[in-house]
Each structure stands twice: as C-alpha cells, then as structure tokens.
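Please read this briefing alongside the sequence and the structure.

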Amino acid sequence: MHRLSVVIPALNAGTLLSGTLAVIGRGLEIIVVDGGSADRTCEVAAEAGARVLAAPRGRGSQIAAGIAAATGPWLLILHADTRPGDGWRQAVAAHMATPDRAGYFRFALDSPAAPARRLERIVAWRCRVFGLPYGDQGLLIHRDLLRAVGGVKKLPLMEDVDLVRRLGRGRLRLLAADAVTSAARWEREGYLRRSARNLVCLALWFAGVPPRVIRRLYA
C-alpha cells in the first residue's frame, strides 16, 4: 500500500469528506484537490493529514492536478462523498498484481431504501454489460497504464466516462469491495429524476455535446 496515492477532487464537501478520510486512515499519500470551496473542505482535509492543493473547478482539472502531484506508481481516484467499504485495502493490494488493468469498486449507497438497492443492481448490470463504471465507484490505476491511454482530460465533467471508454472493457476489473456513496442527491432530487438526468447526460456525451453544455444540465 505504500505504492498507492489517493487523489480526491473536492468542492464544498467538508462534511462528507471527513467520513471518507476517516475510512482511508493515515499512512497513505492522500491528495485532496479543492476547486474553490466556501466551506471547511480544505481545513478538514488538512486536519486529517491530507495534502491540500488548489485547482480550477472541474473534476477533470482537479484530478489531473492531483495526479501530477502524487508520487505513488498506483493511483486511487475517489470522489469526496465516496467511502471505500470493508476489505478495500485487501482488494486494492490484490489488484496491484495486474498493472495492465484498472480496477473499480462495486457501487453502493448509504441508504436502506429499496430504490437504493434497485439502483445498485442497475449500476452492476451497466458495468457488467457495457463496461461503464462511473467515478463514484473509484478507479484504481497504475500510472503507466494511465499514461498509455492519454491520462485524465481536464473536462468539467464526464471525465470518468471519457477515461473508462479509452481504457476499454478488457482493461477494467471489478474489485472485491464496495465504494459507498452518499445517497443525499438521490434522496433530495428523487431516485428516478436523478437517474434520468444522469442517463440524459451520458446520451448527450455520446452524441458529441460539449461537456461545458452538459454541465448546465447536471448541476
């Protein structure tokens, strides 16, 4: 695990970020890249022992900045509201034997609601059939593989889809652990409405609509 650097893009995520950092624990290189937060995101990260950087707002730009600053050959890209689940360290260590593939966690939500379980099953199907894990499932990738496929593009969103499409299904592997994401957005907006919005954004991306335009719908 000493070869691993964790990169977390964040924006006004102080409350949720604290839980993510607590699960990761100390002893790893953790880089939190802030996109201009107005809350205590930077303070929370620093108090947890993470290295804090600033970058232009947008996950692609923030992730790229974090990767450039990281020192480990292995990179784990996580969202600020996503916590690795039980057994994640063992799953990561096991995957490090295959540097020619990138790994992603099982999608899980921190809600007991039935719609959460249905969404988890849909995401598992999407990953199995289409090879499309999203950023809230984390991405474990060796620096050499990331460089070989062109790195992380500085996109305002859809940077995760862009990267996994360039990797292709053959270079993606499901890890034996969950990535537990906050269900707050789905509960606030409604599971059906939020999921439909995400699907529309994906369709627009594949149709060639610029990410800056899609961002207005996603926000």
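Threonine 15 is found in helix 1, where helices (H or I, at least four residues) and strands (E, at least two) are DSSP runs numbered from the N terminus. At 72% relative accessibility, threonine 15 counts as exposed, on a scale where buried means under 20% relative accessible area, exposed over 50%, and partly exposed in between (1.4 Å probe, protein chains only). Threonine 15 and alanine 80 are separated by 65 residues in sequence, yet their C-alpha atoms are 9.4 Å apart in space.

This is a predicted model, in which local features need pLDDT of at least 70 and side-chain atom pairs count only at pLDDT 80 or more, while totals for chains, interfaces and linings use all residues. Residues are numbered from 1 along each chain as its sequence is written, and side-chain values use heavy atoms, with hydrogens and water left out.

**Parallel strands and crossovers**

- Strand 1 (4–10) runs parallel to strand 2, and six bridges join them; two strands pair if DSSP finds at least two bridges between them.
- Within this pairing, serine 5 has glutamate 29 of strand 2 as its bridge partner.
- Strand 2 (residues 29–34) is mostly covered, with five of its six residues buried.
- Strand 2 is also joined to strand 3 (residues 51–54) by four bridges, again in parallel, and valine 33 has leucine 53 of strand 3 as its bridge partner.
- A right-handed β-α-β unit is made by strand 1, helix 1 and strand 2, and another right-handed one by strand 2, helix 2 (residues 41–47) and strand 3; a crossover is right-handed if, with the strands pointing away from the viewer, the path from the first strand over the helix to the second runs clockwise.

- Most residues other than glycine have a negative phi.
- Asparagine 12, which is not a glycine, has a positive phi of about 50°, and is found in the loop between strand 1 and helix 1 (14–24), partly exposed with a relative accessible area of 44%.
- Methionine 158 also has a positive phi, near 65°, but is buried, with a relative accessible area of 10%, in the loop between helix 6 (143–148) and helix 7.

**The two sides of helix 4**

- In helix 4 (residues 88–95), the residues Trp88, Ala91, Val92 and His95 are buried.
- Seen down the axis of helix 4, these buried residues fall within an arc of 100°, so they line one face of the helix; the arc is that of the directions from the helix axis to the C-beta atoms.
- The face of helix 4 turned away from the buried side carries Gln90 and Ala94, which are exposed.

- The largest cavity has a volume of about 150 Å³, taken as the space filled by probe spheres set on the grid points, which are joined across faces, edges and corners.
- Its lining comprises 13 residues, of which Ile77, Gly135, Leu139, Asp160 and Leu163 lie nearest the centre of the cavity; lining residues have an atom within 4 Å of a point.
- Helix 7 (residues 159–167) gives the most to this lining, with four residues.
- The lining residues of the largest cavity divide into eight nonpolar, three polar and two charged, where Ala, Val, Leu, Ile, Met, Phe, Trp, Tyr, Cys and Pro count as nonpolar, Asp, Glu, Lys and Arg as charged, and the others, Gly among them, as polar.

How values were computed. On a 1 Å grid over the protein atoms alone, a cavity is a set of points where a 1.4 Å probe fits but cannot get out, and a pocket is an open set with protein on both sides within 12 Å along at least five of seven lines; lining residues have an atom within 4 Å of a point.
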